[in-house]
Amino acid sequence: MTASVPDPHDTARILVEALPYMQRYDAATVVVKYGGNAMGDANAARWFAQDVAILKEVGINPVVVHGGGPQIGGMLDRLGIKSEFKAGLRVTDRDTVDIVEMILAGSINKQIVASINAEGGRAIGLSGKDGGMVAARKVSRTIINPATGQEEVVDLGFVGEPERVDRTVLDWVIASDFIPVVAPVATATDGPQTYNVNADTFAGAIAGAVKAKRLLMLTDVPGVLDRDKNLIHELSVEEARRLIADGTISGGMIPKVETCIYAVERGVEGVVILDGKQPHAVLIELLTPGGAGTLVTR
Ligand SMILES: Nc1ncnc2c1ncn2[C@@H]1O[C@H](COP(=O)(O)OP(=O)(O)O)[C@@H](O)[C@H]1O
Ligand SMILES: CC(=O)N[C@@H](CCC(=O)OP(=O)(O)O)C(=O)O
């Protein structure tokens with residue numbers, strides 16, 4: 001069977017249809033959070049890299065913030081280091097924080113940079129430490145202990161949340177031909193200690209600081225699902241809080257939705273949670289009428 005040749009008129013129509021979207025986002029900053037679960041196989045990585053390279057080429061400024069939770073988990077397993085999550089966050093001791101930084105700011109960051117560059121983009125890898133971009137404070141969380149039913153404060157170790165974002169380096173890179181790819185590792189506000197920051201939270205802080213027009217959260221589910229596993233297309237801040245409180249939103253979706261609320265409240269116009277494993281999810285969301293996922297609104 002021979003592959004059918006696309007009709008040039010169809011190709012031209014698709015480009016023309018993208019024009020109003022390119023105009024809408026012209027020179028705008030778009031933060032794309034690329035979750036470890038969205039990374040998928042080599043094809044998916046290539047689609048993502050192509051999308052990001054195209055955005056920059058048409059005059060939009062993508063900032064990639066990536067995760068890598070499953071990849072950190074894989075390395076910790078190989079090393080025989082036990083790891084657990086509490087309230088959606090990895091309990092991070094001294095050994096774990098070293099592995100987290102190695103995987104996030106090392107291998108994953110450089111893989112993403114290399115795949116964007118292979119598509120003709122010019123990516124530059126950074127972490128929250130570079131240029132003093134993100135200073136974090138230590139996080140603690142209150143959870144209900146399932147054994148006792150009582151509330152307790154858990155110490156998560158070297159887990160931080162952004163307290164200050166210095167956008168100097170990001171602004172330089174955004175204004176250049178380069179695409180920043182940022183790993184969610186930060187330094188403490190009061191010293192050189194490394195903090196592991198949830199990638200969703202980190203992306204929200206960056207989106208708020210650079211006043212992004214859009215924040216896309218790429219994950220491995222179509223968006224926020226209700227109790228019957230149906231996609232919720234639009235979610236208000238109030239409804240989102242209710243779904244977290246009643247347990248419909250759990251695990252890794254909690255920091256994701258909390259980030260959406262944070263970003264919306266800081267003026268990011270459109271915050272969308274969507275399935276990053278779908279081919280060209282980023283391009284379709286931004287430059288076509290065919291966007292999917294859950295849009296979080298005020
Ligand atoms: N209401 C919900 N809707 C969709 N996913 C949910 C919901 N509650 C919990 N989840 C879980 O959250 C996961 C996404 O979070 P996470 O695994 O941290 O993704 P990522 O690595 O992309 O940041 C989904 O795979 C799903 O298992
Ligand atoms: C504190 C905390 O939980 N940090 C995360 C950082 C990576 C991350 O968030 O990756 P995803 O986006 O792929 O989930 C972790 O250690 O897994």
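Helices and strands here are DSSP runs, numbered from the N terminus, and two strands pair if DSSP finds at least two bridges between them. The model is predicted.

Start with strands E9 and E10. They form a hairpin, with five residues between them. E9 covers residues 185–188; E10 covers residues 194–196. The two pair in the antiparallel sense over three bridges. One contact to look for is Val185, whose bridge partner in E10 is Asn196.

E9 has a further partner. Strand E6, residues 134–144, pairs with E9 in the parallel sense. Two bridges join E6 and E9. Here Ala136 stands opposite Ala188 in E9.

Now step back to the whole protein. It has nine helices and 14 strands. Its radius of gyration is 19 Å, close to the 19 Å that the globule rule gives for 298 residues, so the protein is as compact as a globular protein of that length. The C-alpha trace spans about 65 × 45 × 40 Å along its principal axes. Buried residues make up 43% of the 298. Among contacts with a separation of 6 or more, 77% link residues 24 or more positions apart.

Last, turn to ligand 1. It is surrounded by 19 residues. The closest are Gly35, Thr219, Leu225, Gly252 and Met253. By class, the shell around ligand 1 holds 10 polar, six nonpolar and three charged residues.

Conventions:
Residues are numbered from 1 along each chain as its sequence is written. Chains are lettered from A and ligands numbered from 1 in the order in which they are written. This is a predicted model: local features need pLDDT of at least 70, side-chain atom pairs count only at pLDDT 80 or more; totals for chains, interfaces and linings use all residues. Helices (H or I, at least four residues) and strands (E, at least two) are DSSP runs, numbered from the N terminus. A residue is near a molecule or strand if its C-beta atom, placed from the backbone, lies within 6 Å of it. Ala, Val, Leu, Ile, Met, Phe, Trp, Tyr, Cys and Pro count as nonpolar, Asp, Glu, Lys and Arg as charged, and the others, Gly among them, as polar. The radius of gyration is taken over C-alpha atoms; the globule rule is 2.2 Å times the number of residues to the power 0.38. A residue is buried if 20 or more other C-beta atoms lie within 10 Å of its own, exposed if 12 or fewer, and partly exposed in between; C-beta atoms are placed from the backbone. Two residues are in contact if their C-beta atoms, placed from the backbone, lie within 7 Å.
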